Amino acid sequence: MITTSAKRIGALAIAATVLVAACGGSSSSPAAAATSAASAAAAAANGAAASGVAGPAACVDGSITTSGSTALQPLIDAAGKAYTAACPKSTISVQGGGSGTGLTQVLQGAVQIGDSDVTAESKLQASDASQLVDHVVTKQGWVVVANTGVTGVTSLTSQQLQDMWACPSGQSAPKITNWKDVGGPDLPIVLILRPASSGTRATFKQVVLNGQTECSGQALTEDSNGAVTTAVSQTPGSISVIGFAYYQANKDKVAAISLDGVAGSVANMASGTYKLAAQGHMYTKGQPTGLTKSFLDYLMSDPIQKTLIPSLFYAPIQ
Amino acid sequence: MARLDAPRRITLGAALVVIAAVVLLLGFIVWRGVQLFVVSGVPVTQILSPTWQPDPLSEGTTYGLLPFIAGTLAVMVVAAVVSTPLSVGLALFMAEVAPTWARRIAQPAMEVFVGIPSVVYGWLGLTILVPFLRVHFGWLGFATGFSWLAGSLVLALMILPTITSISYDAFVAVPADMRSASLALGTTRWQAIRHVVLPAAATGVATAIVFGLTRAAGEALAVQMVIGNAPVIPTSLARPVTTLTSQITLDMSDATGTWNEALWTMGLVLLLISLAFVLLIRWLGRGRSQA
């Protein structure tokens, strides 16, 4: 009896070892796993954003971690891969977690760079925010999107959006609650918000709503670009806001709505005519040094600003 | 005193590590949970306000947790009401009625149910249940499909294996003599189940339901995906509501300062809710051992 179960446990252990070895092999050295067609394809897809982007002028060895905004993560991740591809002795680890997490962690010294959609002053106490140095590396934009069943509405003014989203004082519902009041079909408007703590919602509130409070009582709240896109694509009459890159990837599932007659595009954002946009911040605690400084300089260099940033639907900082 | 022998040392060590971990965790959650009152000076009674306005960019913040507490309890209770008849029925079938071959199928099937990750339940809910409610029950007020009922139905499925397996154990534990005696007195099998097995296993079934409720209170991801996350007091099964766990996961990545402290307070409230359930389970268990 004992020998049987011991044998079984032994067999399990061997199976587990083989499994771990297989996984470890494919993730730690992509070159070795290139024999597998699937992982080769995955590696190619991963490298696609970085391909054609020149590395930094000079390498600095070391290891740094950045965390924070998930809206900025695709850009910083691609830039980090391009940097480490050219400088194999350096390691740049890019994590999400949200702007608040990034700012808190860089302040605590847990990471070298904290990525944020919003300024540190709007998230942290003044005494904490003053310890951080702001590096603006890009500009990012959001598109107002509606369910594809909302026909006949291709543009909305800021005033109309305010009437759809904001609660007039003392009221529990917005002024406009049906698409027919803005030239659309006779269909109730379903607001899909981001959590109140998100940078997307903060930017929309500031730029479009003029700081008025959203009517959250009747609205749905979804916590990521992906969840919002799914909800908008399947809920009749719904309207929300998603990042440029997410809109480009889901063009056929949701309908874009121009803001004050200006279409949400990288060109319009770069020229300043499209206003639903915000700077992408990377914060360091004190002045950056070593690899941190080299990586931030690289983000401001031509390969990133002129090639990588437009290809990922962000706008360069002039 | 003699030195402890190896088995005793090892097991005692394991016990101490686990006890220390539990104490540290509880201490940490309580410590973070009271920051809202101690450090930021928010009055304790404010968490019973129905208004959740944590955004420091808006004028006037109110950290009312009532919508989340009420939402958690509401979603949980409806889930248990839906799940209990099904799972107790299934447990009875497996314990009393099913031929051996059916039991051999039903038990692994239950284990598979337990193994499905909650994100997959949420995803199924989002892609099947939410559109289904909207399309077929729109006339009942399911404008979007994201609703209290959607959250409860997903949870009902998730707690089904918990309630079933604990109830099953309770039914199996009823001595065969009691069944034989009942049948010998000329009862039908149904009468034996109803008047002998069910009453004898009642505390076990009650414990199973409370375990199910505890599991339901703590589930975050699957519920968040289908519930709509509107911070309002639940009034209709067809409308979006929110829960403590759902709001914590929505805001934890970005909330800083007092707002972040309020999320920890939600965690503390959740801990107190599950503590109440643990006490209830202990109390039910004691009732059984005395019987």
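Trainee: At what angle do helix α3 (residues 73-86) of chain A and helix α13 (residues 302-311) of chain A pack, and how far apart are their axes?

Mentor: Helices α3 and α13 of chain A pack at an angle of about 125 degrees, with their axes 11 Å apart; the axes are lines fitted to C-alpha atoms, for helices over the stretch in contact, and angles run from 0 to 180 degrees between N-to-C directions. This is a predicted model, in which local features need pLDDT of at least 70 and side-chain atom pairs count only at pLDDT 80 or more, while totals for chains, interfaces and linings use all residues. Residues are numbered from 1 along each chain as its sequence is written, and chains are lettered from A and ligands numbered from 1 in the order in which they are written.

Trainee: What makes α3(A) oblique to α13(A)?

Mentor: Angles under 35 degrees count as roughly parallel, over 145 as roughly antiparallel, 65 to 115 as roughly perpendicular and the rest as oblique. The angle of about 125 degrees therefore makes α3(A) oblique to α13(A). The crossing in which α3(A) passes α13(A) is right-handed, meaning that the near helix is turned clockwise from the far one by less than a right angle.

Trainee: Which residues make the contact of α3(A) with α13(A)?

Mentor: L75(A), A78(A), A79(A) and A82(A) of α3(A) meet I304(A), L308(A) and I309(A) of α13(A), where two residues are in contact if their C-beta atoms, placed from the backbone, lie within 7 Å. By class, this contact has 7 nonpolar, no polar and no charged residues (Ala, Val, Leu, Ile, Met, Phe, Trp, Tyr, Cys and Pro count as nonpolar, Asp, Glu, Lys and Arg as charged, and the others, Gly among them, as polar).

Trainee: Why are α7(B) and α8(B) called roughly antiparallel?

Mentor: Helix α7 (residues 176-184) and helix α8 (residues 189-200) of chain B pack at about 155 degrees, with their axes 10 Å apart, and α7(B) and α8(B) are therefore roughly antiparallel to each other. Here too the crossing is right-handed. The contact joins M178(B), R179(B), S182(B) and L183(B) of α7(B) to A192(B), V196(B), V197(B) and A200(B) of α8(B), and by class it has 6 nonpolar, 1 polar and 1 charged residues.

Trainee: Where do the bounds of domain 1 and domain 2 of chain A lie?

Mentor: Domain 1 of chain A is 61-138 + 280-311, and domain 2 is 141-277, with bounds that come from an automatic or database domain assignment. Their C-alpha centres lie 28 Å apart, and the contact takes 10 residues from domain 1 and 8 residues from domain 2. The side of domain 1 that touches domain 2 has 4 nonpolar, 5 polar and 1 charged residues.

Trainee: How many residues of chain A are in contact with chain B?

Mentor: 29 residues of chain A are in contact with 23 residues of chain B. The elements giving two or more residues to the side of chain A that touches chain B are α4 (99-108), α5 (120-123), β7 (220-221) and α9 (225-234) of chain A, and α4(A) gives the most, with 5 residues. That side divides into 9 nonpolar, 18 polar and 2 charged residues.

Trainee: What percentage of the 291 residues of chain B count as buried?

Mentor: For chain B the value is 41%, a residue being buried if 20 or more other C-beta atoms lie within 10 Å of its own, exposed if 12 or fewer, and partly exposed in between, with C-beta atoms placed from the backbone. Of the 318 residues of chain A, 44% count as buried.

Terms used
Helix = DSSP H or I, 4+ residues; strand = E, 2+ residues; numbered from the N terminus.
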